[in-house]
Amino acid sequence: MTDQAQIKVARGSKPYLRIATEEGFCPPELLTAYRKLIEKNAVDDPAFNTMFRFYLDSPSARVRQINNGLVSVGEFRLKQMDDAGIDKAILSLTSPGVQVMEKDDAVAFAAYANDWLFSEMKSAPDRFYGLTAIAPQDPAAAAKEIERGHHMGLRGVIINSHTKGEYLDDKKFWDIFAAAEALGTPIYLHPQTPPKDMSRPFLERGLDGAIFGFAVETSLHMLRIIIAGVFDRFPKLTMVIGHLGEAIPFWLYRLDYMHRAGVVSQRYESMKPLKRTISEYMKENVYITNSGVAWEPGIKFCQQVLGVDRVLYAMDYPYQYEPGEVAKLDEMDMSDADKKKFFQTNAEKVFRV
Ligand code: MN
């Protein structure tokens with residue numbers, strides 16, 4: 001750890017709350033389920049198998065911290081939130097959640113995870129909030145689970161990107177968007193490792209995970225959703241993506257230019273005219289968080305490109321637990337009013353905290 005990471009920041013030391021919006025958890029049984037899937041060689045996904053062979057058994061201090069953090073929605077996590085100056089956390093089922101399981105197992109485990117989270121959050125109801133996990137493998141059941149989670153008091157939906165190499169822009173999944181839009185509840189599109197057809201060149205150089213592959217795969221997924229016309233069909237739908245928008249903000253100029261060129265030239269049957277530009281969907285339907293990117297230039301660039309109302313704070317606990325990160329971000333060259341939006345009020349609005 002750096003000296004920076006040793007600094008402890010008191011909650012209540014600034015004129016805003018700090019709400020962390022992409023914080024992972026899992027019931028202990030999820031790790032057991034992954035172990036069984038790997039032992040049976042049941043998941044045809046080299047990046048998943050590589051990642052969890054490591055995470056389930058590595059004796060490293062980093063992995064112990066992650067596994068202890070994931071299964072705690074209580075004392076252990078609250079102590080770490082206190083030490084890091086985090087007032088509230090929005091919890092979501094860690095990646096890849098149930099999306100590597102067979103359909104019936106996935107539907108049942110998503111419901112179990114939501115019940116487990118709801119029960120565990122009672123340890124600190126003013127500090128823990130949660131998102132509804134679903135199994136996209138069964139879109140009709142997923143839509144029902146979104147409703148059940150919403151009525152339980154969960155504050156959005158978590159989807160860990162692709163499901164066995166399939167993407168939500170396929171119309172067979174659109175009941176999920178319809179349910180979320182009807183309830184006014186946001187969908188958080190969280191990364192997972194690239195699917196089998198995509199992962200080989202990433203795995204060869206150790207780039208499949210959070211270092212890079214996550215962002216490539218999730219930004220691709222978000223762009224597929226936009227370009228398929230999902231927000232034209234569901235104009236009130238809100239989605240959230242992490243890691244400073246998985247780098248999409250940096251690409252917007254070229255995305256708009258080349259999307260327009262592709263539509264005009266009618267090069268692709270799958271690329272139809274849209275009602276708005278890609279930038280406009282990003283500014284009007286999508287919020288981003290800075291999960292895992294505690295970096296002032298990147299945060300300010302995204303605020304400048306998307307607007308200060310669109311960028312939310314997230315730590316990405318327990319994967320990037322850095323107790324000193326909040327102190328560093330408190331010192332950003334930014335007005336207190338904009339810091340309050342970043343740390344507090346944007347999250348209150350998006351997740352009804
Ligand atoms: Mn995360």
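## The D82–R127 salt bridge

D82 and R127 form a salt bridge, with their closest N and O atoms 2.9 Å apart. The term covers a side-chain nitrogen of Lys or Arg within 4 Å of a carboxyl oxygen of Asp or Glu. D82 sits in helix α5 (residues 75-84) and R127 in the loop between α6 (103-120) and β3 (128-130), so this pair ties together parts that are 45 residues apart in sequence. Helices (H or I, at least four residues) and strands (E, at least two) are DSSP runs, numbered from the N terminus.

How exposed are the two partners? R127 is buried, at 9% relative accessible area, and D82 is partly exposed, at 33%. Here buried means under 20% relative accessible area, exposed means over 50%, and partly exposed is in between (1.4 Å probe, protein chains only).

## What the numbers rest on

You're looking at a predicted model, where local features need pLDDT of at least 70, side-chain atom pairs count only at pLDDT 80 or more, and totals for chains, interfaces and linings use all residues. Residues are numbered from 1 along each chain as its sequence is written, and side-chain values use heavy atoms, with hydrogens and water left out.

## Other salt bridges

By the salt-bridge rule, the count comes to 17. One of them brings together the side chains of D169 and R224, at 2.9 Å from N to O. This pair links distant parts of the chain, 55 residues apart: D169 is in the loop between β5 (157-159) and α8 (174-183), and R224 is in helix α10 (residues 213-227). D169 counts as buried at 16% relative accessibility, while R224 is partly exposed at 36%.

Then there's D309 with K341, whose closest N and O atoms are also 2.9 Å apart. D309 is in the loop between α15 (296-306) and β9 (311-312) and K341 is in helix α17 (residues 336-351), so parts that are 32 residues apart in sequence get tied together. D309 is partly exposed at 33%, and K341 is partly exposed at 28%. Back at D82 and R127, salt bridges with shared partners join R11, D82, D87 and R127 into one network.

## The manganese site

Which residues hold the manganese ion? E22 (OE), H190 (NE2) and D316 (OD) coordinate the manganese ion at 2.0 to 2.2 Å. Donors are N, O and S atoms within 2.8 Å of the metal (3.2 Å for Na, K and Ca), and water is not among the atoms, so sites may look incomplete.

Along the sequence, the donor residues are spaced E-x167-H-x125-D. E22 lies in strand β1 (residues 19-25) and D316 in the loop between β9 and α16 (325-330), so the pair ties together parts that are 294 residues apart in sequence. E22 is buried at 1% relative accessible area, and D316 is buried at 8%.
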